[in-house]
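Work through the exercises below with the sequence and the model at hand. Each task is followed by its solution.

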Amino acid sequence: MSNAVNVDAAKARRDSLLQRNMLLSMRLNHSGNKDATHVSRLPAEKTNTNWRASLGLSRRLSTKSTSPVAKVTTSSSVNNKINGKRYSPARTVPPSHQAKLNVKPMSLDDFELGKKLGKGKFGRVYCVKHKKTGFICAMKVMEKQEIVQYNVQKQFRREVEIQSSLNHQNLTKLYGYFHDEKRVYLLMEYSVNGELYKLLRSRGPLNDIYASHYIYQVADALDYMHQRNIIHRDVKPENVLIGFDNTVKLTDFGWSIISPRGVKRKTLCGTIDYLSPELINLKPYDDKVDVWALGVLAYELVTNAPPFEEDTKDLTCKRIVKGDLRFPSHVSSDAQDLITQLLRHNSQDRISLRDVKNHPWLVKNKPFW
Ligand SMILES: Nc1ncnc2c1ncn2[C@@H]1O[C@H](COP(=O)(O)OP(=O)(O)OP(=O)(O)O)[C@@H](O)[C@H]1O
């Protein structure tokens with residue numbers, strides 16, 4: 001079998017949506033969990049909805065003078081309060097102001113299309129150049145019809161709102177979006193070296209210097225998100241992109257959720273190999289599911305395979321719940337110590353993200369990053 005076929009097969013196994021639905025149907029067969037049902041609604045009934053209204057996205061644009069690409073905003077604020085303040089990721093510029101600012105809405109004509117960077121479930125991603133300024137970014141192109149057909153308007157809207165509200169060096173920035181009759185275009189920060197997943201498949205396992213550097217950055221990004229009461233819920237190497245100088249960017253906020261502290265959630269999500277015991281057991285959960293996933297990621301970086309991988313998903317789930325964690329002998333004792341502290345069965349016993357950043361495995365390797 002060729003390497004490409006191997007990579008595709010491995011990737012298919014890890015496909016979040018398929019796994020979620022598979023696990024969900026396993027679950028529904030014996031538990032009928034109400035909170036999980038929304039992830040199984042594929043494909044949807046709706047096809048001729050007013051797509052913009054149904055996505056909750058505005059046609060209006062706003063500008064930010066510091067960015068060469070006009071900042072585009074969503075019309076609706078998220079109906080959540082964080083620490084007593086209303087969470088409003090992006091403001092809408094009233095039409096009257098736009099007239100005064102003479103803002104011209106962006107369109108595809110403003111960009112020169114470059115290399116295709118990849119293809120996701122709901123679109124293709126290209127490297128593009130903003131013609132007027134030469135600004136390079138990644139453009140995700142999605143068919144409106146597919147968004148509505150697969151009933152992912154809500155997920156898409158939340159992804160846009162959350163991603164545009166985040167500003168951290170290790171999170172892929174969303175600069176803005178625009179649309180035409182058929183498609184929606186998202187403009188994002190471009191990561192030149194692609195997915196960590198592909199790097200692992202071609203060059204893994206990574207040595208402690210690279211692995212600890214990547215784990216530090218993802219921990220810092222998650223810490224930033226959790227401080228804003230946002231849980232990522234889909235941390236895995238496919239969702240970590242690599243930029244220049246080994247800077248990594250956590251990406252794909254399709255399963256991210258705003259979850260005020262103290263409020264536990266129940267929706268099932270994530271990729272099987274990265275699911276925490278509380279998710280598998282359908283227990284209420286909080287941001288500690290990301291801490292668990294960080295432990296799985298650290299293990300995968302230093303061994304090239306997730307810690308509980310088995311031939312069937314059922315067996316994988318059983319090993320996760322049992323906490324059957326074993327290390328190959330080449331994994332350093334410091335790495336083992338951190339991973340063990342991240343992969344504690346009881347979520348409250350897991351190491352905090354702040355302590356992750358001060359763990360000896362990271363501190364000792366830091367001078368070599
Ligand atoms: N900002 C970016 N910079 C560089 N490459 C990117 C960027 N965003 C996406 N890509 C590449 O494009 C591919 C497709 O990305 P996309 O976000 O559409 O889908 P995905 O993450 O594979 O999966 P999903 O459909 O589950 O969201 C990715 O696998 C990645 O290689």
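**Exercise 1.** Which strand gives the most to the shell around the ligand?

Solution. This is a predicted model, in which local features need pLDDT of at least 70, side-chain atom pairs count only at pLDDT 80 or more, and totals for chains, interfaces and linings use all residues. Residues are numbered from 1 along each chain as its sequence is written.

Step 1. Helices (H or I, at least four residues) and strands (E, at least two) are DSSP runs, numbered from the N terminus. β3 (111-120), β4 (123-130) and β5 (136-143) each supply at least two residues of the shell.

Step 2. β3 gives the most, with four residues.

Step 3. The ligand has 21 residues around it, and among those that come nearest are Gly-118, Lys-121 and Ala-138. A residue is near a molecule if its C-beta atom, placed from the backbone, lies within 6 Å of it.

**Exercise 2.** Find where Arg-233 lies, and state whether Arg-233 is buried or exposed.

Solution. Step 1. Arg-233 is in the loop between β8 (230-231) and β9 (240-242). Its phi is positive, about 70°, although Arg-233 is not a glycine.

Step 2. A residue is buried if 20 or more other C-beta atoms lie within 10 Å of its own, exposed if 12 or fewer, and partly exposed in between, with C-beta atoms placed from the backbone. Arg-233 has 25 other C-beta atoms within 10 Å, so Arg-233 is buried.

**Exercise 3.** Locate the cis peptide bond from Gly-204 to Pro-205.

Solution. Step 1. The omega of this bond is near -5°.

Step 2. Pro-205 is found in the loop between α7 (196-203) and α8 (208-227).
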